Structures are given as C-alpha cells and as structure tokens.
Amino acid sequence: MPLAPGEEISAEELQLAARNHGMPLEALRHDITPVGLHYLLIHYDIPVVDPETYRLTIGDRKLSLDEIKALPSVTRAVTMECAGNGRALLEPRAVSQPWLLEAVGNAEWTGTPLKPLLEGADCLEVLFTGLDRGVEGGTQQHYERSLRPDELDDAILAYGLNGGPLPPQHGFPLRLLVPGWYGMTSVKWLTRISFLDEPFTGYQNATAYRLRQAEEDEGTPVTRIEPRALMAPPGVPDFMTRRRFVEPGPTRLEGRAWSGFAAIERVEVDTGDGWREARLGEERGWRAWTYDWDATPGEHVLACRAFDASGRGQPDAPPWNLGGYANNAVHRIPVTVQNG
C-alpha cells in the first residue's frame, strides 16, 4: 500500500533499514567497492551453512563446494543494484525497504561460469532456489527466481568476493550472479537448480518485482538495470541533513555510471547553466566519469545523468510504479558554496 507524501517511515521499515544497508555515496570514489561498503539486501534470515556438507543439486546431480571450485573459474567486476533503489524518493512511496540512492556496489566476483553446467538441459526456464526461507504473500517459501536459458549466458556461480571467500551476508558458500540484472535475480545461498517446462509462478517471479500501476495489474517483470549515473557528493556534509558545503574555486566532480542493457556511452553534468558532457574513464563493472566545475559562491543544484549505447537514458522525473522499482531519475545534489 503506497503512502501519501509526508507519511512517516514505519517501525517495520526502520527495522528493514537496520538489517540492510546501502553504499555511502562517497564510496563511489572506489573503483571496486570494499566488501563492507557494498549494498546489502537480505529478504529473510542469513542461513548458517557448513561448507563440508554443502551440496548444490543441479537436476539429478549433486556437487560439493570443492567440486564446484575445481571447475574453470573466472573473476569479473560486476555492478549490482537493488531494483528498489530510489523507492523512498517516489510519491506516493511503496512500503518496503526505504532505499534512497545507495543500494548499489561494484565488486569483483569469482566463480565458475554457469552455462557449461546447463549443457544438455532442455527446458523453458531454469529455477534457482536459495536456502533462505520466509513468509511473503501469506505463504512460507524459499527464495526462488527463474530465468530462461538464453538469459544466463553470462551467469556465474560465485564463491568469492574481492579476492576473499563469499561472506555469509552475500550468500556463502555459493550464489548465483547474473551481470546486468537487478540484484533480486542473483539468488544467494544457492542450494538447487531445477529445469522447468513451464513458466515459474512462485511469488518472487509472479507477484514481486513487477512493474504495476495498481494491485490488480499483472504488470511486467523487472529485469535489467536501467542506466544511471551517481555523483560522489563534493565538499563536506552537514551532520544531520547531509547537505554539502564546498569552497569556491576549481572543483573536481566525479562519479560512476552503469547500465544493464549496454555500455555507458555518455555522462552529462549540469551545474546550473545547462547540460555539459563529462569525461569518461575506464569501464570496470561501472564506468568512471569526471567534470571540472568552477564553484562560485551561492546555492547550487548539481545534477548528472547517463546514456548507454542502446539509446536509453535517465528521465528527469522518476517513473512511478506500485513497488517503487527501477527509479533511475536524474541524480541531484544541493550544494552551498562559501568560504571556510
């Protein structure tokens, strides 16, 4: 049930916000997000898993963690973003994890490519089941999501993060990683991979993570990450409001941009006199950008937006939907420029 503008965050939402956390936007200055700063969303409870007895079931096969680690491995920098990032900025807003802009991170994931393990499977969809269990929609369930085989070409069974083992909160001992898709797709604490001859109708596919305008709408599924640029907040913050204070003069603005559809092709910045193109840096998961601003005394609103090679860009105003998903509206930062 959406809340009207001005309605307070409930104790239940505060509880969710305390369990989950976003990446502080100043961490955009890191090429690879440190593990402790990477955003985190946990739907149910974190399972305790014994790696010695752990087995992944794939169809009629069972693989131990050691057997999975013995398979060919890859390490990839992948930007992951929660589908609800920006939810709390919509009006009316959905009652759920109250994300602002910080539900993102860019990490180096190590694992084995999934595609070779699916060879010979003749199915309509592949279902991924996690060990985590909870109640949603009035039904007790494991967290489960499905994808078509052709949507899994780049997928990885990940067991490492930033050069170390996968932490418990990120899905230890094994998780699915689907680059380019919103984070709900990458099932954590993976325990089973099943092959389906018909579409999966479980809660996480058929009810949650769908773009709907009303409860009765069937909606369309949330899939790949829409293009987005975020700016590392310049200057220093006020403790409570986080409003930024910048000294006059040459100021380097910087941030990252990413898209799940195509490579980032352009980032633009507006410091109050119209959109200007930023300089693009290396692409390593997300893509770095910089812009040099001559900060003059007074009040300013800085903005940035990204465009990818598929022609997608960021809207000026957020697209509203019932669940508060895929809000990739232009990022704006109010800034006060003053001496001292």
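How many bridges pair β21 with strand β22, and in which sense do the two strands run? In this predicted model, β21 and β22, the latter spanning residues 331-337, pair in the antiparallel sense over seven bridges. Within this pairing, V301 stands opposite P334 of β22. Strand β21 itself comprises residues 298-308, and eight of its eleven residues are buried, so that the strand is mostly covered.

Strand β21 has a further partner in β17, residues 264-270, to which six bridges join it. These two strands also run antiparallel. Here D270 has A303 of β21 as its bridge partner. Strands of a sheet pair through backbone hydrogen bonds, either parallel or antiparallel.

E268 is buried, with a relative accessible area of 12%, whereas R266 is partly exposed at 25%.

Four strands take part, in the order β13-β16-β20-β19, and their pairing is antiparallel. The edges are formed by β13 (228-231) and β19 (279-284), each of which pairs on one side only. Direction ignored, neighbouring strands of this sheet are turned by 25° against each other on average. Inside the order, β16 (residues 249-258) and β20 (residues 286-295) are paired over nine bridges in the antiparallel sense.

The side chains of D292 and R252 meet in a salt bridge with an N to O distance of 2.4 Å. Because D292 belongs to strand β20 and R252 to strand β16, the pair ties together parts that are 40 residues apart in sequence. Both members are partly exposed, D292 with a relative accessible area of 41% and R252 with 47%.

D31 and R256 form a salt bridge in which the closest N and O atoms are 3.5 Å apart. D31 lies in the loop between α1 (11-19) and β1 (55-58), while R256 lies in strand β16, so this pair ties together parts that are 225 residues apart in sequence. R256 is buried, with a relative accessible area of 8%, whereas D31, at 23%, counts as partly exposed. Both residues belong to a network of salt bridges that links D31, E108, R256 and R284. Across the whole structure, a search finds 17 salt bridges. In general, side chains of opposite charge can pair when their charged atoms come close.

Which residues have the most contacts inside the largest nonpolar core? They are L114 and I193, in a core of 60 residues. Strand β7, residues 156-161, gives the most to this core, contributing five residues. Apart from it lies another core, of 19 residues, among which are V246, A257, V269 and A306. Neighbours within four places in sequence aside, L114 is in contact with F128, L152, A155, I156, L157, L176 and I193.

Strand β10, residues 190-196, contains T191. T191 is buried, because its relative accessible area of 17% falls under the 20% limit. With neighbours within four places in sequence left aside, T191 is in contact with Y54, R55, L56 and T57, and also with T129, G130 and L131.

N205 lies in helix α3, residues 203-206, and at 14% relative accessibility N205 counts as buried. Not counting residues up to four places away in sequence, N205 touches E144, R145, S146, F200 and R210.

Terms used:
Residues numbered from 1 in each chain as written. Predicted model: local features only at pLDDT ≥ 70, side-chain atom pairs only at ≥ 80, totals over all residues. Heavy atoms only, no water. Core = buried A, V, L, I, M, F, W, Y, C linked by side-chain atoms within 4.5 Å. Buried < 20%, exposed > 50% of the residue type's maximum accessible area, 1.4 Å probe, protein only. Contact = heavy atoms within 4.5 Å. Pairing = 2+ DSSP bridges. Axes fitted to C-alpha atoms, helices over the stretch in contact; angles between N-to-C directions. Salt bridge = Lys/Arg side-chain N within 4 Å of Asp/Glu carboxyl O.
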